[in-house]
Amino acid sequence: MEAVVSLIIGLLVAVAVYLMLARNFLRFLFGLILLSNAANLVIFAAGRMTEGAPALIPYGSRVPDGPVANALPQALVLTAIVIGFGLFAFALVLALQAYRGLGTLNSDHMRVAEPLRDEEKPGAGTRA
Amino acid sequence: MTDWILVAPIAIPFATAVAAFVLRNGPGGRVASLAGGVALLFASAVLMAQVLEHGVIAGQMSNWDAPFGITLVADTLSAVMVVITAITAMATLVYGLGEIRARTERLGYHALFHAMVAGICGAFLTGDIFNLYVWFEVMLIASFGLLVIGGSKAQLDAGIKYVALNLVSTLAFLAGIGMLYGLTGTLNMADLHFAIQEVENQGLVTVVAMLFMVGFGVKAAVFPLFFWLPASYHTPYFSVSAIFAGMLTKVGVYALMRVFTLIFTGDTGFTHEILLWVSALTMLTGVLGAAAQTEFRKILSFHIISQIGYMTLGLALYTTLGLMGGVFYLVHHIIVKANLFLVAGVAQKIAGHNELDRIGGLYKAAPFLAVLFLIPAFSLAGFPPLSGFWAKFVVVKAALELERWFIAFVALLVGLLTIYSMTKIWAAAFWKPHPEGYEPTLSRMSASDRVPMLAPIVVLAVMTMVIGLFPEVFVQLAETAAVQLLDPTDYVTTVLGAAAR
């Protein structure tokens with residue numbers, strides 16, 4: 001099971017990196033979301049996967065009956081998902097505002113905070 | 001029980017954030033925010049006193065014993081960092097009284113500010129690696145809000161770069177935590193100290209260490225991961241960029257210091273050697289980047305990067321003296337750098353711009369502001385007897401003791417280049433006449449803004465002088481912190497209690 005999940009993680013990271021290399025900020029964000037899912041799966045897989053043994057304690061008993069799956073990685077993943085959700089909600093709104101304000105999502109054209117100096121502008125000097 | 005004093009520096013800012021948010025539409029939000037700042041100052045002082053008296057103190061939240069529950073720990077380094085956070089927060093809040101207008105306050109400025117402070121204090125006090133991640137996120141999301149509050153185009157542009165790169169670093173950190181847990185089965189940092197030594201596959205431990213180094217390296221803005229910093233720190237309000245400049249990168253440095261002394265110490269010949277060269281390159285690229293800039297805050301931003309190199313250098317040398325220098329540098333740098341950003345704010349207010357070729361004549365308009373600029377600026381460059389001299393002195397001495405001649409040379413050279421940038425600001429903003437025939441005078445600041453905007457600058461400048469003139473106390477504190485970092489026995493036994501192996 002871990003092997004399959006590891007392969008999925010690898011695939012997710014590869015797709016994420018590909019998307020994050022794009023100039024379009026929205027594609028970058030989609031890549032980031034995939035990367036965050038890959039990170040969550042890393043936690044899940046690293047915590048060892050136990051099939052068919054839910055972390056439940058029978059009613060009336062104080063200890064679990066036999067071996068159970070490790071519940072901690074699931075708690076960690078849940079926390080990470082919630083946090084990630086908040087961050088991406090913010091990032092998407094930021095992307096929308098940036099598109100409205102700057103008129104572009106292409107990171108090459110986002111030069112308001114760091115304007116090019118005259119000699120660096122395309123067409124200036126010998127480099128046409 | 002001393003638990004409450006460990007919780008207070010986190011709970012107070014959170015409570016303040018809620019109160020300030022509820023009261024944001026009236027003057028009450030401002031009052032609540034300042035009251036919260038004072039309360040945090042008080043709580044951090046009590047925490048410091050407790051740590052000085054008892055050594056390391058730890059509290060188990062909800063009485064779940066370590067390593068199963070979440071532990072809050074304060075050793076000397078944590079306590080010092082919390083105190084300095086409270087001081088910086090108070091200084092920038094007071095400055096904000098002059099700078100931040102009611103419109104911005106209605107958007108929730110004070111609530112975001114205190115939420116960020118809560119995240120910073122939480123990161124300094126937690127003893128659990130996953131909890132550290134949570135505090136990082138609290139700090140980060142509040143800082144996103146603060147960065148773009150006001151919503152100018154430059155801020156949106158800066159926000160995109162800041163958000164994007166910081167989220168990537170977060171994911172590296174998160175994946176690192178997952179793998180660390182997979183290797184050791186624990187998340188408690190004191191417990192990890194032992195558990196990591198029992199891992200058979202030490203090669204994989206080093207891989208995980210590198211994930212942490214990248215994650216924290218982005219936050220700390222070390223070479224070559226710093227590009228988000230100079231892209232963003234010059235755009236928000238001056239109060240915001242002052243506390244960012246003072247505290248945020250330092251949380252990254254703190255986290256590096258913590259995990260690379262407590263957890264990843266198995267292969268220092270590899271990990272700390274990388275840190276060493278990263279530090280040297282950080283110092284150099286930062287200072288050279290600053291030399292190429294012509295905007296007040298951009299120059300200062302690049303100097304943050306260059307100074308981060310000295311702190312990580314202290315860690316990379318991995319001796320008591322080195323770490324002592326690193327810790328001393330942290331304290332000195334936070335005060336000085338926050339102050340310089342505040343001075344930049346006043347300069348813009350008086351001279352009308354922050355682009356160095358469009359301002360001038362500040363010396364004539366406000367000679368005392370020039371003095372207030374020179375104190376932190378000279379301290380940054382390392383002039384005796386200011387605080388920066390001692391900080392650089394200790395770090396360079398530590399490098400020389402290990403016969404790291406080249407690193408020591410780089411550290412000294414960077415100090416020299418720092419003077420160059422500071423002279424550039426001095427010459428352009430203070431010395432030369434204003435180029436646009438505009439008469440910069442102090443009267444461009446309304447009388448009611450003057451006191452709140454200048455008072456924190458004066459106080460921080462005095463603190464720089466005090467650290468410089470009476471360094472013994474601070475050096476001793478830094479030494480205690482360094483000794484505790486290098487020999488975490490106290491830390492570990494306090495957290496794990498009698499169960500420690």
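A residue is termed buried if 20 or more other C-beta atoms lie within 10 Å of its own. In the predicted model examined here, buried residues defined in this way make up 64% of the 501 residues in chain B.

The secondary structure of chain B comprises 21 helices and two strands. The radius of gyration of this chain is 22 Å, close to the 23 Å given by the globule rule for 501 residues, so chain B is as compact as a globular protein of that length. Along the principal axes, the C-alpha atoms of chain B fill a box of roughly 70 × 55 × 40 Å. Of the contacts in chain B between residues at least 6 apart in sequence, 79% join residues at least 24 apart.

Helix H18 of chain B runs over residues 405-431, and its 27 residues should span 39 Å at 1.5 Å a residue; the end C-alpha atoms are 37 Å apart, which agrees. Buried positions in H18(B) include B:Ile407, B:Val410, B:Ala411, B:Val414 and B:Gly415, and B:Thr418, B:Ser421, B:Met422 and B:Ile425 are also among them. Towards the end of the list stand B:Ala428, B:Ala429 and B:Phe430. The buried residues of H18(B) pack against helices H12 (268-292), H13 (296-317), H14 (320-351), H15 (362-365), H16 (367-381) and H17 (387-401) of chain B.

The contact between the chains takes 27 residues from chain A and 27 residues from chain B. On the side of chain A that touches chain B, the elements giving two or more residues are helix H2 (25-46) and helix H3 (72-102) of chain A. H3(A) gives the most, with 13 residues. By class, this side of chain A has 20 nonpolar, six polar and one charged residues.

Note on methods:
Residues numbered from 1 in each chain as written. Chains lettered and ligands numbered in written order. Predicted model: local features only at pLDDT ≥ 70, side-chain atom pairs only at ≥ 80, totals over all residues. Contact = placed C-beta atoms within 7 Å. Helix = DSSP H or I, 4+ residues; strand = E, 2+ residues; numbered from the N terminus. Nonpolar A, V, L, I, M, F, W, Y, C, P; charged D, E, K, R; others polar. Expected span 1.5 Å × (residues − 1). Buried ≥ 20, exposed ≤ 12 C-beta atoms within 10 Å, placed from the backbone. Rg over C-alpha atoms; globule rule 2.2 N^0.38 Å.
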